[in-house]
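Work through the exercises below with the model open beside you. Each task is followed by a stepwise solution.

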Amino acid sequence: MRQIKRVAVLGAGVMGATIGAHLANAGLEVELLDVVPREITEEEAAKGLSLESPQVRNRIAQAGRDGLLKMKPAPLYLKEYSEQIRAGNFEDHMQRLKECDWVIEVVVEHMPIKKSLLEKVVPNLAPGAIVSTNTSGLSVNEMAEVLPPEVRKNFLVTHFFNPPRYMRLLEIIPCRETDPLIVSGLADFISKRLGKGIVYAKDTPNFIANRIGVYAMYNGMQHMVDMGLSVEEVDVVGGTATARPKSAVFRTADLVGIDTLAYVGNNSYELLTEDDERDTFKVPEFLTQMVAAGHLGNKSGQGFYLKKKGPQGRQILYFDYRDGEYRPATRPKFPSVEAARQQDDPAKRLKMVVEGSDRGAEFAWRSLRDTLIYAVKRIPEIADDVVNIDNAMKWGFNWELGPFEMLDALGVEAFVKRAEGDGVLVPEALKKVDSFYKFEQGKKYYFDLIDGDYRALEPVEGEVCLQIIKKAGKVVEKSANCSIIDLGDGVFGFEFHSKMNAITGDILAMTHKAIKRAEEEGQGLVIGNQGANFSVGANLMMMAVAMAEGAFEDIDMAVRAFQKATMAIKYSRVPVVAAPFNMTLGGGCEFSLHADAINAHAETYMGLVEIGVGLLPAGGGTKEMCLRAVQLAGQYDTDVSPFIFKNFQNIGMAKVSMSAAELKGLGFMGEGDSITPNLARLIPDAKKKVLSLATNYRPGKPLQAIPVPGRSVSASIKSQLWNMMQGGFATEYEAKMGGVIADAICGGDVPAGTLVSEQYLLNLEREGFLKLCGNKKTAERIQHMLKKGKPLRN
């Protein structure tokens with residue numbers, strides 16, 4: 001397959017523009033084209049422009065490009081990446097396609113319009129260029145009919161999910177004539193460069209994720225009406241309690257758009273004439289009425305939920321489908337759901353809810369029963385195996401478990417028995433299965449419903465699953481909250497698996513063991529895991545108790561232990577590489593800052609956020625911000641103040657990166673660090689970096705002569721804080737916190753240029769931490785968070 005360097009995106013609506021943005025994120029040059037406007041605007045007329053003016057003719061595509069800079073969540077890793085996108089139009093710039101290696105059609109979901117555009121594309125294609133359509137459910141084979149044979153072999157569906165930057169799923173559907181090498185080559189490129197999880201689907205309406213996901217939503221609505229439950233009650237059960245996203249059923253509908261949900265339902269009912277559950281896709285009357293009333297979800301400001309300001313502040317209301325009115329949210333509770341909240345394992349959580357005896361548990365059972373049976377019946381219609389369906393639902397709808405993983409969690413035999421007890425017809429194939437997944441001799445197998453036997457789940461080259469590695473007996477030491485894993489080639493992995501991957505006392509102790517093992521038995525260490533987040537920081541629950549009891553000696557010991565762990569990482573005799581992803585906050589950030597190198601996932605949200613609970617980073621984070629500022633000033637032989645001010649803001653404003661690409665600008669990553677787009681390749685890439693560093697690794701020693709900024713720079717920061725307080729932009733308490741941070745990051749009450757050691761800076765940040773722990777307002781802030789039920793983390 002030809003190398004892909006330049007891509008044309010045909011259609012500059014929200015989906016087209018955001019696909020273009022993600023291609024730019026990957027470093028590709030993008031041609032973004034759309035139709036020529038039929039009329040000029042008043043603003044254009046006032047400028048003396050006409051329908052022949054390039055600004056007018058490119059207006060639609062240019063608006064799509066410009067809109068990327070304002071969108072939330074941001075579709076671009078960095079705003080400057082938009083410069084790689086060039087706007088144009090279908091009439092003047094189709095010849096640009098001759099320079100493109102891949103052309104993606106992203107126009108309206110209407111077959112005649114797509115066919116017409118594809119016919120215009122053909123004469124402008126470069127030899128061997130790939131052509132794909134982003135349709136969410138139209139037939140790829142019907143579209144291929146308008147293409148000549150030499151183009152058909154390079155034609156397929158590449159279905160991105162919205163928003164393209166954040167949704168991991170990409171469904172690939174080839175037409176009958178697509179060259180298998182094009183399918184595999186493009187899948188590999190999209191996986192590596194765009195970070196997508198690839199699922200292979202059949203040419204059936206709505207493919208995999210939308211077919212199962214929309215069925216689940218419509219089926220859930222039916223059971224809601226039958227049981228007389230409210231929208232709110234369904235969302236309590238249909239979210240994380242049953243291993244599905246927090247947005248559950250109706251917040252997801254608001255996010256997707258009520259009109260879109262209705263369109264997909266109508267489209268499914270029209271096209272799925274052979275589906276035995278076709279009637280499930282009939283759009284309920286209340287949904288039709290919502291669309292007619294303009295209650296379209298988030299994009300119209302109201303859907304199944306409405307936020308409005310009331311006498312007591314912001315109020316959330318939910319839609320009552322029985323009379324079409326909005327009613328105040330009541331936050332309903334079910335005993336089964338409340339009990340399951342304490343369970344981290346999604347499989348155990350799901351089982352607890354479904355086996356409950358309240359109405360919420362009954363709804364969970366009925367809706368899941370129907371959805372899981374529906375998924376079983378769709379093989380081989382929409383996919384050849386359970387793996388593609390499970391991945392589609394996890395990556396496209398953010399389910400924690402796929403349908404067949406849910407069946408294993410509930411127990412297939414028990415599920416069949418209960419479903420048949422309800423009088424539900426269970427597929428014969430399901431009665432022959434003990435479990436859909438199993439591990440044997442270090443390999444993972446899945447049950448093939450087509451041939452009735454288990455097949456090995458072959459690993460993808462360059463990707464790794466820690467669960468499989470651990471099942472293969474590669475755990476060399478573990479505790480309740482962490483494990484040391486043999487990753488092969490002399491590289492060990494240090495994995496957190498505590499609640500939210502918060503850094504606990506046993507993790508700090510095991511850090512030293514992991515480093516010692518790597519030093520004595522291997523070549524290096526990767527700090528990484530495959531949980532929901534790298535680490536939300538040190539859990540401060542014990543800290544809160546110690547503060548309440550005035551046990552400051554215990555706090556001092558805990559901080560010292562944290563500092564010793566991060567310094568052990570920094571001065572290990574073998575290279576240590578951190579592999580952060582998603583939330584990497586407080587202590588998680590400090591662990592990363594002390595590694596020899598960082599190999600971050602593209603979606604890494606890293607920051608020193610301790611000030612949120614009235615504290616400062618004391619696991620070496622404040623010390624590192626001082627040290628990095630001093631080193632930059634020395635490198636450029638200039639004043640240290642601007643670098644210190646910037647790093648002070650990182651701490652004082654609790655700045656968090658919105659992508660890994662922002663980490664260099666924040667000073668958290670350097671030139672030797674790297675970014676991996678595909679989450680499954682993160683730990684293997686970090687391992688490669690360890691091996692590269694190990695070739696000529698030279699261990700360091702704690703620094704003894706750091707020329708700190710001193711009291712003069714600290715005084716300058718405090719002066720600015722005083723001005724902010726006088727202007728009403730900061731409270732007295734916030735100014736005091738800032739002053740403590742300023743002293744710690746500047747090296748204390750010493751003259752500028754005073755030479756100090758790293759340990760001296762660590763002592764300063766620890767003293768500052770203890771000082772803030774003794775502040776009454778800090779204790780009140782932590783207690784306030786406890787009452788609100790928020791996780792305490794730094």
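**Exercise 1.** In this predicted model, determine how β9 and strand β10 (residues 313-320) pair, and over how many bridges.

*Solution.* 
- Step 1. Take the direction. β9 and β10 pair in the antiparallel sense.
- Step 2. Count the bridges. There are 6 between β9 and β10.
- Step 3. Pick a residue pair. L306 faces L317 of β10.
- Step 4. Extend to the sheet. β9 and β10 belong to an open sheet of 3 strands, ordered β9-β10-β11, and the pairing is antiparallel.
- Step 5. Find the edges. β9 (305-310) and β11 (325-328) each pair on one side only, so they are the edge strands.

**Exercise 2.** Describe strand β6 (residues 155-160): how many of its residues are buried, and which strands pair with β6?

*Solution.* 
- Step 1. Apply the cut-off: buried means under 20% relative accessible area. In β6, 6 of 6 residues are buried.
- Step 2. F155, V157 and H159 lie on one side. L156, T158 and F160 lie on the other. Both faces are covered.
- Step 3. Take strand β5 (residues 130-133). It runs parallel to β6, joined by 3 bridges. S132 stands opposite L156.
- Step 4. Take strand β7 (residues 169-174). It pairs with β6 in the antiparallel sense over 5 bridges. F160 has L170 of β7 as its bridge partner.

**Exercise 3.** Check the length of helix α21 (residues 505-521) and find what covers its buried residues.

*Solution.* 
- Step 1. At 1.5 Å a residue, the 17 residues of α21 should span 24 Å.
- Step 2. Compare. The end C-alpha atoms of α21 are 25 Å apart, which agrees.
- Step 3. List the buried residues: I507, L508, M510, T511, A514, I515, R517 and A518.
- Step 4. Identify the cover. It includes the strands β15 (475-478), β16 (482-488), β17 (491-496) and β18 (524-527), along with α23 (552-570) and α24 (587-593).

**Exercise 4.** Which residues of the largest nonpolar core touch the most other members?

*Solution.* 
- Step 1. Size the core. It holds 116 residues.
- Step 2. Name the residues: L287, F304, F404 and F436.
- Step 3. Find the main contributor. Helix α9 (residues 209-227) gives the largest share, 10 residues.
- Step 4. Inspect F404. Beyond its neighbours within four places in sequence, F404 contacts A375, V376, I379, V386, I389, D390, F436, Y437 and L449.
- Step 5. Look elsewhere. A second, separate core has 54 residues, among them A551, V630, L663 and V756.

Notes
Residues are numbered from 1 along each chain as its sequence is written. This is a predicted model: local features need pLDDT of at least 70, side-chain atom pairs count only at pLDDT 80 or more; totals for chains, interfaces and linings use all residues. Side-chain values use heavy atoms; hydrogens and water are left out. Helices (H or I, at least four residues) and strands (E, at least two) are DSSP runs, numbered from the N terminus. The expected span of a helix is 1.5 Å times one less than its number of residues. Buried means under 20% relative accessible area, exposed over 50%, partly exposed in between (1.4 Å probe, protein chains only). Contact means heavy atoms within 4.5 Å. Two strands pair if DSSP finds at least two bridges between them. A nonpolar core is a set of buried Ala, Val, Leu, Ile, Met, Phe, Trp, Tyr and Cys residues joined through side-chain atoms within 4.5 Å.
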